[in-house]
Each structure stands twice: as C-alpha cells, then as structure tokens.
Amino acid sequence: MKIQTINYQRVQGLPNYSNLKVGVVVQVEEGESPDEAFEKARVFVHAKIRLLSGEKLDQPRKELDSYGQEE
C-alpha cells in the first residue's frame, strides 16, 4: 500500500458551546515518510487552532484535562 495523501482535522471546543474545526490535506512527497507528513500536518493544524482561538504561539500552552478544564 502506498500512502499518497493525509487528511488531518481537529475540532476545538470554544466558550458558549461553539466549536472551531481546522483541517488540512497534505501530499506525501517522494522520499518522505507518511509519519513525517502526518506530523507536519498535525503541527500546522494545532498552530492554526491556537492562533484562531486567540492564543499566542510564543507562550506555553495550557494543558487541559479530558473535560476541557485546566489541570
């Protein structure tokens, strides 16, 4: 099996019961492993969510528990 594209999406819960969904489809380049392409897609989507939700990328991210509360 040859993996050619990877689709990565994430939904982030926001206040007032709203959600933000960000996703990307990436093409696996010749010589690139699917794991590398997946990691690049994941980092890109998580950075976009942080920016769109008002977080600054130069600050450490607050870790949330499974209920979305700060630990």
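User: What share of the residues in the protein chain is buried?

Analyst: Buried means under 20% relative accessible area, exposed over 50%, and partly exposed in between, with a 1.4 Å probe and protein chains only. Here, buried residues make up 21% of the 71 residues. This is a predicted model, in which local features need pLDDT of at least 70 and side-chain atom pairs count only at pLDDT 80 or more, while totals for chains, interfaces and linings use all residues. Residues are numbered from 1 along each chain as its sequence is written, and side-chain values use heavy atoms, with hydrogens and water left out.

User: Which residues form the largest nonpolar core?

Analyst: A nonpolar core is a set of buried Ala, Val, Leu, Ile, Met, Phe, Trp, Tyr and Cys residues joined through side-chain atoms within 4.5 Å. The largest one has 11 residues: Ile6, Tyr8, Leu20, Val22, Val24, Val26, Val28, Ala37, Ala41, Val45 and Ile49. Two or more residues each come from S1, strand S2 (18–27) and helix H1 (34–52).

User: In what order do the elements run?

Analyst: Helices (H or I, at least four residues) and strands (E, at least two) are DSSP runs, numbered from the N terminus. From that terminus on, the order is β-β-α.

User: Where does Val11 lie, and which residues does Val11 contact beyond its neighbours within four places in sequence?

Analyst: Val11 belongs to strand S1 (residues 5–14) and is partly exposed, at a relative accessible area of 48%. Contact means heavy atoms within 4.5 Å; with those neighbours left aside, Val11 touches Asn19, Leu20 and Lys21.
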